[in-house]
Amino acid sequence: DGAVPYTINKGVKSTGTGGTGGGIGTNAQILIDQKVEGEKGDKKIFKVTVPTGVKQMEIRTKEVAGAYYYNLADLFVRRGSDPTVSLTPQYSWTADWPSVNPNREDEVILITNPPAGVYHIMLYGYNSYFISQLVVKIVK
């Protein structure tokens, strides 16, 4: 399915970059940490393979202070297949874990004891151009 496999490296630490709201701490392994941008209606899909034995996974979009500040995409995660989004007759989606916070808030999804498998992560430009930092971390 084209997913990029990731392996757990013992002793890997995150950089501990801030952000709002909880999180899984500094002993996490970062699977994705990249800038994502798109237009209204764009669906940016990322796939990660989660191995067995993961205790927590955090998927977050955030703004980067001084660099960009259009964290306007909604975040959807689905295990095993791509999330879907529809605007008619009303805004709806098919996803195992949605995050549709208003305006420029961080979108955060925390999954405890995620089953092993491929997770499909979508950033969706609901109503405008967006630019976000997508960070996916796991703790074993």
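Reader: What makes strand E4 and strand E9 a pair?
Author: In this predicted model, strand E4 covers residues 74–79 and strand E9 covers residues 117–124. Two strands pair if there are at least two bridges between them. E4 and E9 have 6 bridges, in the antiparallel sense. So they count as a pair.

Reader: Which residue stands opposite phenylalanine 76?
Author: Methionine 122, in E9.

Reader: What is the order of the strands in the open sheet?
Author: The sheet has 4 strands, in the order E2-E9-E4-E7. Their pairing is antiparallel.

Reader: Why do strand E2 and strand E7 stand at the edges?
Author: Count the partners. Strand E2 (43–50) and strand E7 (97–99) each have a single partner strand, so one side of each is left without a neighbour in the sheet. From one strand to the next, the twist averages 15 degrees.

Reader: How many aromatic pairs are there?
Author: The count is 6. One of them joins tryptophan 97 and tyrosine 119.

Reader: Why is the pair of tryptophan 97 and tyrosine 119 called tilted?
Author: Take the distance, then the angle. The centres are 5.9 Å apart, and the limit for a pair is within 6.5 Å. The planes are 35 degrees apart. Stacked needs under 30 degrees, and edge-to-face needs over 60.

Reader: How do you know whether tryptophan 97 is buried, partly exposed or exposed?
Author: Its relative accessible area is 24%. Buried means under 20%, and exposed means over 50%. The value falls in between, so tryptophan 97 is partly exposed.

Reader: And what of tyrosine 119, buried or exposed?
Author: Its relative accessible area is 0%. That is under 20%, so tyrosine 119 is buried.

Reader: Which residues form the aromatic cluster?
Author: Phe76, Tyr91, Trp93, Tyr124 and Tyr126.

Reader: Which residues touch the most other members of the largest nonpolar core?
Author: The core has 21 residues. Met57, Ile59, Ile121, Leu123, Leu134 and Val136 touch the most other members. The largest share, 4 residues, comes from E10.

Reader: What is isoleucine 59 in contact with?
Author: Leaving aside neighbours within four places in sequence, its contacts include Leu75, Val77, Ile121 and Leu134.

Reader: How many helices and strands does the protein have?
Author: It has 0 helices and 10 strands.

Notes. Residues numbered from 1 in each chain as written. Predicted model: local features only at pLDDT ≥ 70, side-chain atom pairs only at ≥ 80, totals over all residues. Heavy atoms only, no water. Helix = DSSP H or I, 4+ residues; strand = E, 2+ residues; numbered from the N terminus. Axes fitted to C-alpha atoms, helices over the stretch in contact; angles between N-to-C directions. Buried < 20%, exposed > 50% of the residue type's maximum accessible area, 1.4 Å probe, protein only. Core = buried A, V, L, I, M, F, W, Y, C linked by side-chain atoms within 4.5 Å. Contact = heavy atoms within 4.5 Å.
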